[in-house]
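Student: I am new to this structure. Please show it to me, and then let us work through it in questions.

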Amino acid sequence: MYGLMNNEYYTNFLEISEKAIKKNEGPGLFKTSQGKPSQFLDMEETAGRFRTMLQRTIENLDEELARFEKNFSNKNNAVFWASDYQDVFASLKKIFKSQKVRSVRLPNVNASTIFRELGIKYFLREEKIELREDGDVQFFVADMMLADIGALLLLNQSNNSFSRLTNDKTNIFFTTIDRIMCNSNWAEVYQQLATYRSGGNQQEMVFFKSASNCNNYLFIIDNQRTQLLNNKELRQSLTCLQCGRCQDVCPVLQTIGEEPYNNVFTGPIAHITLPYLESMESYKHIIYACLLCGRCEEVCPISLPIRDMIVDSRHILFVNGEVEKKERHLLATQRKVLLSRSKMNASKFVKNVMMGKYFTSEFKKTRRLPAFNTDTFNKMYQKFKNSQ
Ligand code: SF4
Ligand code: SF4
């Protein structure tokens, strides 16, 4: 069974949603007029409930993944668990050999984060596999796994790619362990929230369960995500929809650009995830590349507490001894000052002298130290209170 919008499966999906309204499960907030969904009654409330569902899924990830695999697997569908890109490539080589694959149709190789994360383009080049419109097999990104119905949710990745889902002999899907929802009733909410860059609902959505005339292979990739899962404070970063809203407003990303990240993941959520997805040693500096301004949280459709997670990450670094002696001393002094009302109320002159002492001459060579306000902390706080 497979489904495109407006066909039989989609009709079933609407029926499921209506049942959910009656049972008060899932979003339950569709306005249906003439049998079609139009919009959600209260998007803010819906997004809040959606986030709760995602968190529940991540908290029970092992069970939900097992449930998905059980519901998805059949004689046409095979699931491959891959701990990293080497696992993926080893299995791909076997599939290519058994199916005599010489060419692949790979939609949006540069736009899809997962393909860039795996470096699939280089692997195909090494294996001398051609990229062609009429390739022997087609690669798809599975945007979400729907555990309850054992189906994949795909948002349109390139023109006409969906029409080939049931025409090709072999389909190969790629996803990561965190792209899963326990309840398929939320699919349309996901589509609306996740496709910000491409205009929300305009992206075509497909549910893929099986197609009897095709061999379907699904790669479920970890690539260090379990490192985040093991961390109680940071695991909710795995519920990020990768919608990109926060990237458009983050002053750090806007100022330094994507290059310094040297990675496919950039922007606010990368400040939390990169040290775990890559290595702490190479990426711990990124945890400090945040002003805690909160702009990202203001636009995040699922209100992820990004600042709290960044502060938790810094705390974890500190208690694990990952902070150098010099920095530990600086942080300890900062803490002391911030907790002392008399130091915060010191004059501008005293503060400037103190600040000058803190920062090394190396730092001052390339950056100007901030100028202190002439008002004391108490006065500024009073003004702030009066302006509320
Ligand atoms: S809180 Fe940090 S990550 Fe978020 S927008 Fe501000 S600087 Fe960027
Ligand atoms: S953190 Fe929020 S705004 Fe940023 S990409 Fe993830 S879901 Fe979108």
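Tutor: One term comes before we start: a residue is near a molecule if its C-beta atom, placed from the backbone, lies within 6 Å of it. This is a predicted model, where local features need pLDDT of at least 70, side-chain atom pairs count only at pLDDT 80 or more, and totals for chains, interfaces and linings use all residues. Residues are numbered from 1 along each chain as its sequence is written, and chains are lettered from A and ligands numbered from 1 in the order in which they are written.

Student: Which residues come nearest to ligand 2?
Tutor: The shell around ligand 2 has 14 residues. Those that come nearest are Cys240, Cys243, Arg245, Cys246 and Cys300.

Student: Which elements give two or more residues to that shell around ligand 2?
Tutor: Elements here are DSSP runs, numbered from the N terminus: helices (H or I, at least four residues) and strands (E, at least two). Two elements qualify for ligand 2: α9 (245–249) and α11 (268–277).

Student: How many residues of the shell around ligand 2 are charged?
Tutor: Asp, Glu, Lys and Arg count as charged; Ala, Val, Leu, Ile, Met, Phe, Trp, Tyr, Cys and Pro as nonpolar; the others, Gly among them, as polar. The shell around ligand 2 has 11 nonpolar residues and two polar ones. The charged count is one.

Student: Which residues come nearest to ligand 1?
Tutor: Ligand 1 has 15 residues around it. The nearest are Cys250, Pro268, Cys290, Cys293 and Cys296.

Student: Which elements give two or more residues to the shell around ligand 1?
Tutor: The shell around ligand 1 divides into 11 nonpolar, two polar and two charged residues. Its contributing elements are α10, α11, α13 and α14.

Student: Why is α11 largely enclosed by the rest of the structure?
Tutor: A residue is buried if 20 or more other C-beta atoms lie within 10 Å of its own, exposed if 12 or fewer, and partly exposed in between. Pro268, His271 and Tyr276 are among the buried residues of α11. The cover over its buried residues includes α8 (225–229), α12 (280–283) and α14 (306–319). So α11 is largely enclosed because the buried residues number nine of the 10.

Student: At what angle do the axes of α11 and α14 cross?
Tutor: Axes are lines fitted to C-alpha atoms, for helices over the stretch in contact, and angles run from 0 to 180 degrees between N-to-C directions. The axes of α11 and α14 come within 9 Å. They cross at roughly 30°.

Student: Which residues of α14 make the contact with α11?
Tutor: Two residues are in contact if their C-beta atoms, placed from the backbone, lie within 7 Å. By class, this contact has six nonpolar, two polar and no charged residues. From α11 come Pro268, Ile269, His271 and Ile272. From α14 come Ile306, Met309, Ile310 and Ser313.

Student: Is Val252 buried or partly exposed?
Tutor: Val252 sits in helix α10 (residues 251–256). Leaving out residues up to four places away in sequence, Val252 touches Ala289, Cys290 and Leu291. It has 19 other C-beta atoms within 10 Å, so Val252 is partly exposed.

Student: Which residue in β13 is the bridge partner of Val79?
Tutor: Two strands pair if DSSP finds at least two bridges between them. Strand β4 (residues 77–82) and β13 pair in the parallel sense over six bridges. The partner of Val79 is Leu218.
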